[in-house]
Amino acid sequence: MMARNVNTARHTALVAAGIFLSRIAGLVRQRVFAHYFGQSDPGDAFNAAFKIPNLLQNLFGEGVLSASFIPVYSSLLARGMETEARRVAGVVASLLALVTTVVVAAGVFATPYLVDWIAPGFEAEKRALTIVLVRIIFPGTGLLVLSAWCLGILNSHRRFFLSYTAPVLWSAVMIAAMAWYGASVELPQLAVVLAWASVAGSAMQLAIQLPFVWRHTRGMRPSLSMDSPDAASVVRNFVPVFVGRGVVQISSYIDSILASFLPTGAVTALANAQTLYTLPVSLFGMAVSAAELPAMSSMVGEKHEVAQYLRGRLSTGLVRIAFFIIPSAVAFAAFGDLIAAAFYQTGRFGRGDALWVWGTLAGSSVGLLAVTFARLYASAFYALRDTRTPLRYAIVHVVVATALGYAFALPLPAALGLDARWGTAGLTLSAGLAGWAELVLLRRALAARIGETGLATPVALRLWWAALVGTALGSATRVLLPDGLHPALAALIVLAPYAAGYLAVTWASGVAEARTLITTLLRRARLARPA
């Protein structure tokens, strides 16, 4: 019998709220980081150092568990097999703990070689500082992997908010460390303090989730036994997703390698742009995909029923994503300098740095919609227990991004007579184009399984038109701005009419998401009024 058609709107809202709080904390952390580090050599060292152990988190963490663990665990819960679900959870937790311990130990010893791999352009003190930072941060990343296991358990039980707000603690500890020591120590030493704070924050992020996880997994026993077919299925699915995540991470690391050959500050500029760029991806793409995966994984029925169910879920999810991502992409391209200045322009981070981040962010905006759509399509494949198709197309993504990234980041700026630092924009542009290639392939492959899917053209045109109208209003407002305004205030004044124009046009043109959002906001405004 077919699973009931779950309304995931509330779940999506909870995920989005949790991610919003987490990302806002992350943006505050990045702003404090920009205040103390600017776009300096120690800032580059810290950002490069953090990317190396972060590979471990990305390989073993949320994305892999979402693809391999949640579909199996959610299906067991949907069939009332709680004992088997707890058994699978215990095996997965034990395997993660064992593998991450081995990898962390190996990574600490191999740090100098890893630094030469990820940042070959770093030399002397900059390279030495990066090695020290990696060795400190690496163990904390192992804790974040176990935190991702907690997220998988909680999401499967439709407990979304806590797991996505837990990273707020991680950011808070780092912010507190910079605020306490920032004015009293030199930058290299401050980077070391921040690395230790990252480890402490990782421990707190895990600790706050564990009591809630125990409530759902009472009776769970650690085990490395593969006697359970369901546990074996998780491991089988884990391998191709692990490789797929590794392939995607290779693309990110290639960007860092190329950026290390660009002028000082390029690695940090790329990291600052990515923090802004991933905000809408996380808020809307990840939120929808995370809420939909357990629902899609719980489906049962005949093949044609499953196909119809998935098409319906995808259609709803794509509209929900596009409604927020399209205006985000346009805003990054049109007003990215204001956005970057609002978040980062303080202390050592000046107006020129904001313009650099804007150029890098504008390149990212090209692929923003494709990347978020691809997340949802990948979730559909994972719900079908197919982890190999997303892997194949992730490889295509990396090949395209690598080829274009090298050309756009290094030779092209020189050929066009541009400053070499604008190679960072070439890196993000190439990643965006590769994202579109991956999306086309995913959509075509899924169509062969369940039929044609995608965002309806009339809806897409209404959303793009609304964003352009909003841009015209925001640009007209910007012309009238007086000189000397604080960057955050200037961004608010310009982005308010932009958002209002977008909402007005989408509401008037009958976009259901706009009407739902406006109705919700008006209802909450009425409830907030004093009696």
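## A helical protein and its buried sides

In helix α16 of this predicted model, the buried residues are Thr-389, Pro-390, Leu-391, Tyr-393, Ala-394, His-397, Val-398, Ala-401, Gly-405 and Ala-409. Because they cover an arc of only 165 degrees around the axis, they sit on the same side of α16. Turn to the face pointing away from that buried side, and you find the exposed residues Val-399 and Ala-403.

Now step back to the whole chain. Its secondary structure comes to 21 helices and zero strands. Of its 531 residues, 56% count as buried. The chain exposes about 22,000 Å², and carbon and sulfur atoms supply 66% of that area. Among contacts with a separation of 6 or more, 86% are between residues 24 or more positions apart.

What lies inside? The largest nonpolar core has 71 residues, and Leu-276, Phe-373 and Leu-463 touch the most other members. Helix α13 (residues 303-344) gives the most to this core, with 21 residues. Leaving aside residues up to four places away in sequence, Phe-373 touches Leu-318, Ile-321, Ala-322, Leu-439 and Leu-455.

The structure holds eight aromatic pairs, and here are two of them:

| Pair | Arrangement | Centre to centre | Angle between planes |
|---|---|---|---|
| Phe-33 and Phe-37 | stacked | 4.3 Å | 15 degrees |
| Phe-335 and Tyr-498 | edge-to-face | 5.8 Å | 75 degrees |

How far apart along helix α1 are Phe-33 and Phe-37? They are four residues apart in α1 (residues 9-37), so about one helical turn separates them. An α-helix has 3.6 residues a turn, so residues three or four places apart point the same way. Phe-33 is buried, with a relative accessible area of 3%, and Phe-37 is buried as well, at 1%. Both belong to one aromatic cluster together with Phe-46, Phe-50 and Trp-170.

The pair of Phe-335 and Tyr-498 links distant parts of the chain. Phe-335 is in helix α13 and Tyr-498 in helix α20 (residues 487-508), 163 residues apart. Are these two buried or exposed? Phe-335 and Tyr-498 are both buried.

Methods:
Residues numbered from 1 in each chain as written. Predicted model: local features only at pLDDT ≥ 70, side-chain atom pairs only at ≥ 80, totals over all residues. Heavy atoms only, no water. Buried < 20%, exposed > 50% of the residue type's maximum accessible area, 1.4 Å probe, protein only. Helix = DSSP H or I, 4+ residues; strand = E, 2+ residues; numbered from the N terminus. Arc of directions from axis to C-beta. Core = buried A, V, L, I, M, F, W, Y, C linked by side-chain atoms within 4.5 Å. Contact = heavy atoms within 4.5 Å. Areas by Shrake-Rupley, 256 points an atom, 1.4 Å probe, with all protein chains shown as cover. Phe/Tyr/Trp six-rings, centres within 6.5 Å; stacked < 30°, edge-to-face > 60°.
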